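Subject: Structure handover

Hi,

Here is the structure you are taking over. Please open it first, then read the notes below.

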Amino acid sequence: MSINKITVLGSGVMGHGIAQVSAMAGYTVTLRDIEQSLLDKAMEKIKWSLNKLVEKQKLSQQDADKIFARITPIVDLKSALKGADLLIEAVPEDMNLKKKVYAEVDNYAEGKTLYASNTSTLPITDMAALTNRPERFIGLHFFNPPQLMPLVEVIPGAKSDQSMVNMAMDYCKKVGKQPVLCKKDVPGFIVNRIFIPLVHEAAYCMDRDGASMTQIDSAVKFKMSFPMGIFELADYTGLDVIHKATVEMHTRDPKVLVPHPKIKQLFDEKNLGQKTGKGFYEYKGDKYERVNLTEQEAATYNPIKLLAVAANNAAWLITNGVCDRAELEKALKLGMGLKKELFVTVQEFGPKNIVKALQDLASKYGQFYQPDTYLVDYYA
């Protein structure tokens, strides 16, 4: 299966980013959306992004022009799918919409076309079942923005052929990304399985420990080696994204997380974080702002409960054969920006302390906190 022509469905942030990185790697790309105005905006953004690379002397103007010329925007779906070796679907995270899209795609896609979805939470197996080629379907979860983020989670569905896995891993490397194989189609895959429950847990820590957001965030940044605080990271990601991922993951498996009402409240109020000027924190201008977090404030809070929940979900992924420890650490470093391996931090806090924290939480708040056997056995 040689991939030469790629069709990207959906020209939003993820779609046009995937189109750009594919074109930069030499692929011929068709970018498809339902309206010309959406495509015009996407092409402007791609041009802006390429110009930035020229300004920074990472590309010559001649190369930037060649890359841009490799991307063809098309509204007509039949024309967009003509000759496609690989289709990457990046439409909004709504199963009903995806159902509609794949029904149309199946009418026009050529027999050789392989299907991939850029979903961050929806079940790959269920999506593959919407098509007439489930064995030629895979999840390719790029992280936002695709031009900058190095990680891609590769998720086979229950019927995905091994050749699809090989193709996906190969394609990711060719576009300069580092793929991590998520061997089972579990809610949240690898990174969101750890990140999304952590946002809810941070909100519970505020309630239960009477700690402020900046206390918790400072501790997460300076004691857990995160790139930023967890509330800050939630605002940066967008509370709409987090709310939708929460609903999807919790619907698929209620044991995955304990939703805190604050996340739905912020979503309902349309306080979605950095992009709307208010989320957990308030922001002044359009420019990206960092929250002022300090080592002094970090010293006033012990984030062991947050670390325990992160470690427990990580342990679950290992126990259930979703990934091994090395792949897990790679995903967290590349996808969440962890500056130190999660299990190194666990060692520093003391594994027995982590297990005890989980047992205490489980006795007060239920099954979700029950320590995974990997943690109990590994550190017994």
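β4 and strand β5 (residues 114–117) run parallel and pair over four bridges. Across that pairing, Leu86 sits opposite Leu114 in β5. Bear in mind that this is a predicted model.

β4 also has a partner in strand β1. Strand β1 (residues 5–9) and strand β4 (residues 86–89) pair in the parallel sense, again over four bridges. Ile6 stands opposite Leu86 in β4. Thr7 has Leu87 as its bridge partner in β4.

Is β4 covered on its faces or open? Both faces of β4 are covered. Leu86 and Ile88 lie on one side, Leu87 and Glu89 on the other, and all of them are buried. In general, side chains in a regular strand alternate between the two faces of the sheet.

Now the whole sheet. It is open and has eight strands, in the order β3-β2-β1-β4-β5-β6-β7-β8. The pairing is mixed. Which strands stand at the edges? They are β3 (71–74) and β8 (178–181). Each has a single partner strand, so one side of each is left without a neighbour in the sheet. On average, neighbouring strands of this sheet are turned by 25° against each other, direction ignored.

**Overall figures**

- The secondary structure comes to 18 helices and eight strands.
- The C-alpha trace spans about 60 × 45 × 35 Å along its principal axes.
- A compact globule of 380 residues would have a radius of gyration near 21 Å; the protein has 21 Å, which agrees.
- Of the 380 residues, 56% count as buried.
- The accessible surface is about 16700 Å², and 52% of that belongs to carbon and sulfur atoms.
- Take contacts between residues at least 6 apart in sequence: 71% of them join residues at least 24 apart.

As a rule, nonpolar side chains in soluble globular proteins tend to be buried together.

The largest nonpolar core has 91 residues. Which of them touch the most other members? They are Val105, Ile190, Ile216, Phe280, Leu328 and Ile354. Helix α14 (residues 304–319) gives the most to this core, with eleven residues.

Leave out residues up to four places away in sequence. Phe280 then touches Val199, Met213, Phe231, Ala234, Asp235, Leu239, Lys262, Ile263 and Leu266.

Ala219 is found in helix α9 (residues 213–223). Buried or exposed? Ala219 is buried, with a relative accessible area of 0%. The cut-off for buried is under 20%. Leaving aside neighbours within four places in sequence, Ala219 is in contact with Met224, Ala298, Tyr301 and Pro303. How far does Ala219 lie from Leu122 in space? The separation is 32 Å, C-alpha to C-alpha, and the two are 97 residues apart in sequence.

Over to you.

Notes
Residues are numbered from 1 along each chain as its sequence is written. This is a predicted model: local features need pLDDT of at least 70, side-chain atom pairs count only at pLDDT 80 or more; totals for chains, interfaces and linings use all residues. Side-chain values use heavy atoms; hydrogens and water are left out. A nonpolar core is a set of buried Ala, Val, Leu, Ile, Met, Phe, Trp, Tyr and Cys residues joined through side-chain atoms within 4.5 Å. Buried means under 20% relative accessible area, exposed over 50%, partly exposed in between (1.4 Å probe, protein chains only). Helices (H or I, at least four residues) and strands (E, at least two) are DSSP runs, numbered from the N terminus. Contact means heavy atoms within 4.5 Å. Two strands pair if DSSP finds at least two bridges between them. Axes are lines fitted to C-alpha atoms, for helices over the stretch in contact, and angles run from 0 to 180 degrees between N-to-C directions. The radius of gyration is taken over C-alpha atoms; the globule rule is 2.2 Å times the number of residues to the power 0.38. Accessible areas come from the Shrake-Rupley method with a 1.4 Å probe; for residues, only the protein chains shown count as cover.
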